[in-house]
Amino acid sequence: MTLDDALEQLRAHAEPGRAEGMADYHKVPRDYLGVPNPAINDLTTEWRRTLSVEERVALADALWRTNIFEARLAAAKLLTQARITPDDAVWALITAWLPDLDSWAIADHAMTAGQRRLMPDLTRMDEVETWTTSDSHWIRRAAMIVTLPLAKLNNLKPTEAAARERVLGWAAGYVQDSEWFIQKSVAWWLRDLSKHDPDRVRAFMAANGRHMKPFARKEAEKFL
C-alpha cells in the first residue's frame, strides 16, 4: 500500500460539497477531501488487516505529512488498535505528531490511538507529564485526552489508581488556565470519572471548582 494508493481510495469516497462544509466547520486552513468518517473507518480497518505494523507506521507517517484532514484521521486510525507488539515505533510516531496538533478532531483521533499505547504501559505517563507544561494548549490538552481511559476504570490496579491521581493533579493545575479547550478537557475527564467514582469528583470540585469556568463546572458535575 503506497501513499498514492491510500489517497486514491480516500478520494474515491469523497462526497460532493462536503469538503467545503468541513473546511468551514473546522476553520483550520488545510485540504479537505469531503470523506465521511464511516468511510475512513472502513478503509483503515481493511488496511490494518493487510499491513504489518512496520508498514502501517510508514503509511501513517506518510498520510500525516500530507496535512490533508482525512489523511491525518486515517493515519491515526491506522494505529488505533488494542494490541500491538512491539509498539515502541507506534508510540514514537504518535508523540511525534504533537507539535502538529491544531484542531480538536485531529487531536482527538491521534490521542485515541495514543490511549491504546499508554494503557498497556503506564510508565509512559512520565513522558505524558512533560506535555502538561507545553506552550501549546493543544499539547497540554492532549495529556488529558490520552489519559481519559483512566477515568473510566472500575476496580483499579494500584498502578492505575496512582496514574489516575496523577492526572487529577495535572487537572488541579489546569483549572486556572483560561483556555477554553483546557477547561473543556478537565470537565470532560471529571464528567467521565463521575460515572465511576463520584465521591472523588465531588472532592476535586470542592477543592478546585471555584477556579473553573461556569460551563466547565456544569459539564464536570453533569452526572453528579
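Reader: How are residues numbered, and what limits apply to the values?
Author: Residues are numbered from 1 along each chain as its sequence is written, and side-chain values use heavy atoms, with hydrogens and water left out. Because the model is predicted, local features need pLDDT of at least 70 and side-chain atom pairs count only at pLDDT 80 or more, while totals for chains, interfaces and linings use all residues.

Reader: Why are H1 and H3 called roughly antiparallel to each other?
Author: Helix H1 (residues 3-11) and helix H3 (residues 37-50) have axes that come within 10 Å and cross at roughly 150 degrees. Angles under 35 degrees count as roughly parallel, over 145 as roughly antiparallel, 65 to 115 as roughly perpendicular and the rest as oblique. H1 and H3 are therefore roughly antiparallel.

Reader: Which residues make the contact between H1 and H3?
Author: Ala6, Gln9 and Leu10 of H1 meet Ile40, Leu43 and Trp47 of H3, where contact means heavy atoms within 4.5 Å. By class, five of these residues are nonpolar, one is polar and none is charged. Ala, Val, Leu, Ile, Met, Phe, Trp, Tyr, Cys and Pro count as nonpolar, Asp, Glu, Lys and Arg as charged, and the others, Gly among them, as polar.

Reader: What makes the pair of Tyr25 and Trp104 edge-to-face?
Author: Rings of Phe, Tyr and Trp (its six-membered ring) pair if their centres lie within 6.5 Å; planes under 30 degrees apart count as stacked, over 60 as edge-to-face and the rest as tilted. The count by this rule is seven aromatic pairs. For Tyr25 and Trp104 the centres are 6.4 Å apart and the planes stand at 85 degrees, so the pair is edge-to-face. Tyr25 is in helix H2 (residues 18-26) and Trp104 in helix H7 (residues 104-118), 79 residues apart.

Reader: Why is the pair of Tyr32 and Phe69 called tilted?
Author: The ring centres of Tyr32 and Phe69 are 5.2 Å apart, with 35 degrees between the planes. Tyr32 lies in the loop between H2 and H3 and Phe69 in helix H5 (residues 69-78), so the pair ties together parts 37 residues apart in sequence. Both Tyr32 and Phe69 are buried.

How values were computed: Axes fitted to C-alpha atoms, helices over the stretch in contact; angles between N-to-C directions. Helix = DSSP H or I, 4+ residues; strand = E, 2+ residues; numbered from the N terminus. Buried < 20%, exposed > 50% of the residue type's maximum accessible area, 1.4 Å probe, protein only.
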